[in-house]
Structures are given as C-alpha cells and as structure tokens.
Amino acid sequence: MHAEHTGLVSGNRLLDHARLGSNARRAATALHRAGIWQGDSVALLMRNDFAWFEATQGAGLLGAS
C-alpha cells in the first residue's frame, strides 16, 4: 500500500473511506429491509473483499453484530 492511499486496497483496486461509508450505508439499508434490527446477529459468508467490509460496517451501523 502506498502512503498516499487511504482506504482499502485489493490488488490494483482502491476503495476510499468516503465510498466505503456510502456503500456501508446502502448495505445497512438493504439489511434493514431484509429484517435485520439493532441487537440482531448477522452471519456473512463472503469473499474477503470490499463487499465484506461494506456489509460488516452496514450491520454495525444498524447496531447488529
């Protein structure tokens, strides 16, 4: 990772903090519509890639773990 990069790096792809936050909020909306509420437990079976971080942060935004 280069010092000037902020955010997540996967190979030659970069996801900056602003986009990560935006995508996490979208994931939170999708999880909430699927019935996830504060205090719920969420299990994710995903590749260790940007989408996993977005979904995990989205669950956290809802107060789920």
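Trainee: Which residues does W37 touch, not counting residues up to four places away in sequence?

Mentor: The model is a predicted one. In it, W37 touches H32, L62 and A64 once residues up to four places away in sequence are set aside. Touching here requires heavy atoms within 4.5 Å. W37 itself is found in the loop between α1 and α2. The C-alpha atoms of W37 and A27, ten residues apart along the chain, are separated by 13 Å.

Trainee: What elements make up the secondary structure of the protein, and in what order do they run from the N terminus?

Mentor: There are two helices and two strands. From the N terminus on, the order is β-β-α-α.

Trainee: At what angle do helix α1 and helix α2 pack, and how far apart are their axes?

Mentor: Helix α1 (residues 17–33) and helix α2 (residues 50–62) pack at about 65°, with axes 7 Å apart. The crossing of α1 past α2 is right-handed. On the α1 side the contact is made by L20, N23, A24, R25, A27, A28, L31 and H32. On the α2 side it is made by F53, E54, A55, Q57, G58, A59, L61 and L62.

Trainee: How do the residues of this contact divide into nonpolar, polar and charged?

Mentor: Ten are nonpolar, four polar and two charged. Glu and Arg count as charged, and the contact includes R25 of α1 and E54 of α2.

Trainee: Why is N23 called buried?

Mentor: Buried means under 20% relative accessible area. N23 has 15% relative accessibility, so N23 counts as buried. The residue is placed in helix α1. Apart from its neighbours within four places in sequence, N23 is in contact with L15 and E54.

Trainee: What makes A30 partly exposed?

Mentor: A30, also in helix α1, has a relative accessibility of 46%.

Trainee: How is S22 classed, and on what value?

Mentor: S22, placed in helix α1, counts as partly exposed because its relative accessibility is 29%. From S22 to S41 the C-alpha distance is 22 Å, and the two are 19 residues apart in sequence.

Trainee: How do you know that G7 is buried or exposed?

Mentor: The limit for buried is under 20%. G7 has a relative accessible area of 17%, so G7 is buried. G7 lies in the segment before β1 (8–10). Its C-alpha atom is separated by 8.5 Å from that of A18, eleven residues apart along the chain.

Trainee: How many salt bridges does a search of the whole structure find?

Mentor: The search finds two.

Trainee: What makes the pairing of D49 and R13 a salt bridge?

Mentor: The criterion is a side-chain nitrogen of Lys or Arg within 4 Å of a carboxyl oxygen of Asp or Glu. For D49 and R13 the distance from N to O is 2.6 Å, and their side chains meet in a salt bridge. D49 lies in the loop between α1 and α2 and R13 in strand β2 (residues 13–15), so the pair ties together parts 36 residues apart in sequence. D49 counts as buried at 14% relative accessibility, whereas R13, at 36%, counts as partly exposed.

Trainee: With which other residue does D49 form a salt bridge, and how far apart are the closest N and O atoms?

Mentor: The partner is R47, with the closest N and O atoms 3.9 Å apart. The limit is within 4 Å, and the pair of D49 and R47 is accordingly counted as a salt bridge. R47 has a relative accessible area of 65% and is exposed, the threshold being over 50%. Shared partners join R13, R47 and D49 into one network.

Trainee: What share of the residues of the protein counts as buried?

Mentor: Of the 65 residues, 29% count as buried. The protein exposes about 4,700 Å², of which carbon and sulfur atoms supply 53%.

Notes. Residues are numbered from 1 along each chain as its sequence is written. This is a predicted model: local features need pLDDT of at least 70, side-chain atom pairs count only at pLDDT 80 or more; totals for chains, interfaces and linings use all residues. Side-chain values use heavy atoms; hydrogens and water are left out. Axes are lines fitted to C-alpha atoms, for helices over the stretch in contact, and angles run from 0 to 180 degrees between N-to-C directions. Helices (H or I, at least four residues) and strands (E, at least two) are DSSP runs, numbered from the N terminus. A crossing is left-handed if the near helix is turned anticlockwise from the far one by less than a right angle, and right-handed if clockwise. Buried means under 20% relative accessible area, exposed over 50%, partly exposed in between (1.4 Å probe, protein chains only). Accessible areas come from the Shrake-Rupley method with a 1.4 Å probe; for residues, only the protein chains shown count as cover.
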